[in-house]
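Open your viewer and get ready to click along. We will go from one selection to the next and look at what is there.

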Amino acid sequence: MSRTPATEPQAGEFLVLIPAFNEAARLPDVLRELGTLEQPHRVVVIDDGSRDKTAESARDLGATVLRLPFNLGYGAALQTGYKYAHASKATLIVQMDADGQHDPAFIPRLIAPIREGRADLVIGSRFARDSGYRMGWLHTLGRLLFQRIARLAGLHVTDPTSGLQAMNGSVLELYSGDFFPSDYPDVDVLLEAFRRGLRIEECAVEMRPGQRRSTLHGGLRSFYYVYRLTLALWAGARAANPR
Amino acid sequence: MQDPTELERLRELFLRAPESRVTSILAIALSTCLLLTVLYLVRHRRLREEYTPIWVTLALIVTVISLRLDLLRALTAAIGAWTPSSTLFFLGELFILWICLNYSIRLSRHTTQLKNLAQETAILRARLEELTDASETRATGAGR
């Protein structure tokens with residue numbers, strides 16, 4: 001199949017960032033679904049060193065593909081998209097997962113607060129309203145713990161690990177920094193954005209059962225998750241108040 | 001329980017015990033081997049020059065200690081250890097801890113640099129494709 005010519009970036013664009021790792025099977029459906037989005041947009045797929053045809057299938061469906069030379073991790077792949085969007089002077093950015101977990105039908109609702117100038121960052125939350133989404137007890141425990149920590153700092157978020165988010169250009173510079181985690185951005189990143197004065201809102205969304213995040217908080221990884229996040233929050237607080 | 005004076009006398013005995021010549025020779029041989037290995041690795045471009053000072057310094061310190069065991073004995077007495085060998089183990093452990101931490105710091109820095117480079121590569125590759133496609137489109141349009 002011939003390659004769809006890449007589109008030249010234009011300042012003020014609306015970009016949809018999709019980090020993908022070995023998602024050749026599910027990504028085309030996500031891209032086709034995105035095609036039904038009314039707002040003019042450009043899809044940027046960040047291929048995180050996939051061994052399958054993720055990059056080719058994305059390109060064939062007209063997406064801009066940022067192909068990482070090797071696997072860097074979900075966070076680093078996402079950050080590649082932020083850096084690209086920042087360099088392209090994009091003003092509206094939506095990030096979503098490549099596994100079909102996120103429904104593009106929620107995007108208009110997600111970007112509305114940014115378009116109206118009410119928020120800099122909008123998180124698509126599974127828990128802002130009971131959407132029936134269920135996850136493991138360890139994941140739930142970790143989520144509640146860090147939600148409480150964020151609340152102590154003044155940030156009220158119910159779903160800090162959500163991969164469905166919308167933001168404006170002012171978030172991009174911050175998210176392009178070296179503090180951004182290579183594995184999974186979480187409440188630590190949101191708290192940093194909050195400390196910098198960015199306005200964060202949540203928008204209730206429904207999500208389909210996903211694949212990627214189901215294994216994130218299982219077994220020993222749950223403990224590592226709690227440990228890493230605690231350390232990141234402490235380091236973030238230290239950076240904000242060096243004394 | 002042992003009498004403290006008796007224990008102190010015992011410690012004095014340990015501290016004054018003469019080291020065998022073989023120990024000194026072995027230590028000098030090991031430090032020489034370390035030095036030669038470092039030089040060999042540098043010569044064959046498997047170790048960068050900037051990473052050698054630590055190992056050369058270590059080899060020199062071991063050589064000096066092997067030749068002047070009285071220095072080691074004085075250090076043993078100063079830190080309250082019983083035998084020069086336990087002082088050596090203690091210093092060795094400290095050295096290993098320090099070097100592990102040092103390399104973890106370097107590794108963290110290099111990981112960030114590598115990540116940034118990989119991201120830059122991906123972005124530049126996409127930019128190149130965009131520019132190539134745009135110039136091809138322009139060339140096709142001009143040819144018509």
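**Where the chains meet**

Start by selecting both chains: 14 residues of chain B are in contact with 21 residues of chain A (contact: C-beta atoms, placed from the backbone, within 7 Å). Colour the side of chain B that touches chain A by class, and you will find five nonpolar, four polar and five charged residues; here Ala, Val, Leu, Ile, Met, Phe, Trp, Tyr, Cys and Pro count as nonpolar, Asp, Glu, Lys and Arg as charged, and the others, Gly among them, as polar.

Before moving on, note that this is a predicted model, where local features need pLDDT of at least 70 and side-chain atom pairs count only at pLDDT 80 or more, while totals for chains, interfaces and linings use all residues. Residues are numbered from 1 along each chain as its sequence is written, and chains are lettered from A and ligands numbered from 1 in the order in which they are written.

**The sheet of chain A**

Now show chain A as a cartoon. Its open sheet of seven strands has mixed pairing and the order β3-β2-β1-β4-β6-β5-β7 (strands are DSSP E runs of at least two residues, helices H or I runs of at least four, numbered from the N terminus; two strands pair if DSSP finds at least two bridges between them). At the edges are β3 (64-67) and β7 (200-204) of chain A, each with a single partner strand, so one side of each has no neighbour in the sheet.

Zoom in on β2 (residues 42-47) of chain A, which runs parallel to β3(A) and is joined to that strand by four bridges. Pick V44(A) there: its bridge partner in β3(A) is T64(A).

Which residues does V45(A) contact, leaving aside its neighbours within four places in sequence? Select I18(A), A20(A), L27(A), A58(A), A63(A) and V65(A) to see them.

**Over to chain B**

Along its principal axes, the C-alpha trace of chain B spans about 105 × 40 × 15 Å.

Definitions and conventions:
Two residues are in contact if their C-beta atoms, placed from the backbone, lie within 7 Å.
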